[in-house]
Amino acid sequence: MLLACSVVTAGPSAAVIGGERSGYGPWAVRMLVDGKPECTATAVARKWILSASHCFFEQGEPVADRRIEFRVGHLDMRQGTVVRPLPGGRVGSARADMMLVEVAPMTVRVARLSAAPARPGTLVRQLGWGATCTGDENSCQSPVLRQSTLRVLDPDDPRCEGYTVQDGSDFCMRKVVGIPAGGDSGGPVTTIGPRGTETLLGVFDGSDREEIAGAGEVSRQLAWIRSVIRY
């Protein structure tokens, strides 16, 4: 898997290069470590945030809760409300690059979880506060939420090599408008529709910064998510 590593550790996490500013995403969450932009995430319940597992590790070691904060409730991360992980409130998936993190109750709209898979040929939207340039992605992290439009590929497409495995929990996409890069890891991949009708299809976990991106599939992890957040 070509992961979009974290901004603070051994390289940038993932961002929207060549995308556009987003005008909607009340459930989108910005993750910071030591006050610096790290990843993107999604509010999936009043007390639960979903992101990529790799965002919570540095050189194989867990990042301490006290170093992490989330900004919620605003498209401009500088104006978001700060919430922090509750001690012992992290639950990782055994089958996907996904992590659920418990926080104090949030007053934000939460994402609707898709029970249907991401179907090949479908246009989807990826959102994040990540890099808007190539090269030094740490230098161009966006303070405002941005988005790209991608098309889901068949998992057997040769371009998906390294992003999907047979009977795995990931799907891959190709660029239509913009490509995610450093800082977008863990961010939402959603259906496209009228505001408020979108469903969360995936958790973005990596791209080649040119054409192809991958995401963990929410429908394949739905039972695990519901068992943790209890709904």
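My entries below cover the sheet, the salt bridges and a surface patch.

**Ground rules.** I'm working from a predicted model, where local features need pLDDT of at least 70 and side-chain atom pairs count only at pLDDT 80 or more, while totals for chains, interfaces and linings use all residues. Residues are numbered from 1 along each chain as its sequence is written, and side-chain values use heavy atoms, with hydrogens and water left out.

**The sheet.** I traced an open, antiparallel sheet of seven strands, in the order β8-β7-β2-β3-β4-β10-β9. Strands here are DSSP E runs of at least two residues, and helices are H or I runs of at least four, both numbered from the N terminus; two strands pair if DSSP finds at least two bridges between them. β8 (81-83) and β9 (85-92) each have a single partner strand, so one side of each lacks a neighbour in the sheet. On average, neighbouring strands are turned by 35 degrees against each other, direction ignored. I also noted that helix α1 (residues 222-229) packs on this sheet, touching β3, β4, β9 and β10 (99-103), and makes about 20 degrees with the direction of β10. Contact means heavy atoms within 4.5 Å; axes are lines fitted to C-alpha atoms, for helices over the stretch in contact, with angles from 0 to 180 degrees between N-to-C directions.

**Salt bridges.** I count 11 salt bridges, taking a side-chain nitrogen of Lys or Arg within 4 Å of a carboxyl oxygen of Asp or Glu. Arg67 and Asp34 meet in one, at 2.7 Å, N to O. Arg67 sits in the loop between β6 (61-62) and β7 (68-72), and Asp34 in the loop between β2 (28-33) and β3, so the pair ties together parts 33 residues apart in sequence. Glu58 joins these two in a network of salt bridges.

Next I checked Arg71 and Glu69, whose closest N and O atoms are 2.8 Å apart. Both are buried, meaning under 20% relative accessible area, with exposed over 50% and partly exposed in between (1.4 Å probe, protein chains only).

**Surface patch.** Leu123, Val176, Val177 and Ile192 form a nonpolar surface patch with about 270 Å² of accessible area together. Patch residues have over 30% relative accessible area and no salt bridge; like charges are joined within 9 Å, nonpolar side chains (Val, Leu, Ile, Met, Phe, Trp, Tyr) within 5 Å. Areas are Shrake-Rupley with a 1.4 Å probe, and for residues only the protein chains shown count as cover. Val177 belongs to strand β14 (residues 170-177) and is partly exposed at 37%.
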